[in-house]
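Student: I am new to this structure. Could we go through it together?
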Amino acid sequence: MGDNTFGNHLKITSFGESHGVLIGVIVDGMPAGINFSLDLIQKELNMRKPGQSHLATPRDELDKAQILSGIFNNKTTGAPICLIIKNEDIDSTKYEKFRELLRPSHIDYSALKKYGGFADYRGSGRFSGRITAGFVMAGALAKQILRKHNIYIIAYTKGIGSIVDDRYYDFKELERWFSIREKSMVRSLNPELSKDMIKKIEIVRNAGDSIGGLIKCVAINFPAGVGGPLFNSIESNLSKAIFSIPAIKGIEFGAGFNAAKMKGSEHNDPWIIKDGKILTEKNDSGGIIGGISTGMPIEFTVAIKPTPSVEVSQKTVNIKTMKEDLIQIEGKHDPCIVPRAVIVVEAMTAIVLLDYLLLEGKISSVIES
Ligand SMILES: Cc1cc2nc3c(=O)[nH]c(=O)nc-3n(C[C@H](O)[C@H](O)[C@H](O)COP(=O)(O)O)c2cc1C
């Protein structure tokens, strides 16, 4: 399998370039018979869209989802589903100079070594965050099926720079949290911290710089007993999916790196019985033990690096002259990738979890809705 297809039973194939004609995804392996809602897909895409607020890149794109195949009489048919968005706001002139002047911590040098200078460099081509619009469209479909099985996924901004939301959310009133997140420009669940996070992004943006952050993702009601102890562990497959999102630099499940500082008696999640069900009293395991789901919420946090394209002057190399040089990056860029990546993390999680349920026969290949 090459670089562009992901999944086992449910496969997504990503295609398109940032400044080409379009961006798209082919979703193969979806059950037949599901009511198809382009509106639901569009709602999710709008949360990733550029230009949503002054905190995102001003690239002016409608990101209007179009369906090309796999739907008949408004239902999924079981055939591959092809979804696209067109690219409209294209100005590739700013990218010419990066063929010589390497952007620090961007893809110019590694792509040159890999593709010998033939890769589409316009708008960073296949390396652009825009590629993730395809992930979001596929994820919206996957979520629709998961919801029918009472499985819900919510991701939110946990941190921007050193501003971190350490509150623990039990997500009992999920719709309320979705609505709070929608109202927050940074996709936070904490209105007070949201203001500080916005301020932080404004400060770095005004200084021509960028900032990173944290996204937390929680999947609720995923059944116990799914996954595998080794190469099919839920952590392995989720990590692979999450690291396919550009700019992600870390992932931790449950207590994550904090577990390294804890004693066994602190980290262990005591088993309890509640309403006749076996649960754990807390969830430092992040809903996964031995690579297999426990039935507790699957919980993980990802670290997003600061956007590499910054206006402040940085040291680099000119590969034509083979001399060290300085670079200042203009153009349309996100001062912080985190708010737009929240829905992408949610989408990739939905794709992985649905893939498991289809593969392990927990969801059938025909679902009438
Ligand atoms: C939603 C989203 C938006 C992004 N926007 C930008 C951007 O405006 N400018 C930029 O330089 N990088 C942006 N990136 C990140 C780059 O695509 C990424 O850093 C680059 O391809 C290098 O890959 P790596 O960071 O995973 O190593 C964005 C990523 C995502 C997920």
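Tutor: We shall discuss the ligand's surroundings, then the nonpolar core and a strand. Please note that this is a predicted model.

Student: How many residues surround the ligand, and which are the closest?
Tutor: The ligand is surrounded by 21 residues. The closest are Phe-127, Gly-129, Pro-246, Ser-309 and His-333.

Student: How do the residues of that shell divide by type?
Tutor: Nine are nonpolar, nine are polar and three are charged.

Student: Which element gives the largest share of the shell?
Tutor: Helix 8, spanning residues 338–359, gives the largest share, with three residues.

Student: Now the core. Which residues touch the most other members of the largest nonpolar core?
Tutor: Val-345 and Ile-351 do, in a core of 81 residues. Helix 8 supplies the largest share of this core, 16 residues.

Student: What is Val-345 in contact with, leaving aside its neighbours within four places in sequence?
Tutor: Val-345 is then in contact with Ala-155, Ile-215, Cys-217, Ile-242, Ile-245 and Val-302.

Student: How does strand 10 run relative to strand 16?
Tutor: Strand 10 (residues 213–220) is antiparallel to strand 16, and seven bridges join them. Strand 11 (residues 248–253) also pairs with strand 16 in the antiparallel sense, over five bridges.

Student: Which residue of strand 16 stands opposite Ile-215?
Tutor: That residue is Val-302. Val-302 is also the bridge partner of Ile-251, and Val-302 is among the contacts of Val-345.

Technical notes: Residues numbered from 1 in each chain as written. Predicted model: local features only at pLDDT ≥ 70, side-chain atom pairs only at ≥ 80, totals over all residues. Near = placed C-beta within 6 Å. Helix = DSSP H or I, 4+ residues; strand = E, 2+ residues; numbered from the N terminus. Nonpolar A, V, L, I, M, F, W, Y, C, P; charged D, E, K, R; others polar. Core = buried A, V, L, I, M, F, W, Y, C linked by C-beta atoms within 7 Å. Buried ≥ 20, exposed ≤ 12 C-beta atoms within 10 Å, placed from the backbone. Contact = placed C-beta atoms within 7 Å. Pairing = 2+ DSSP bridges.
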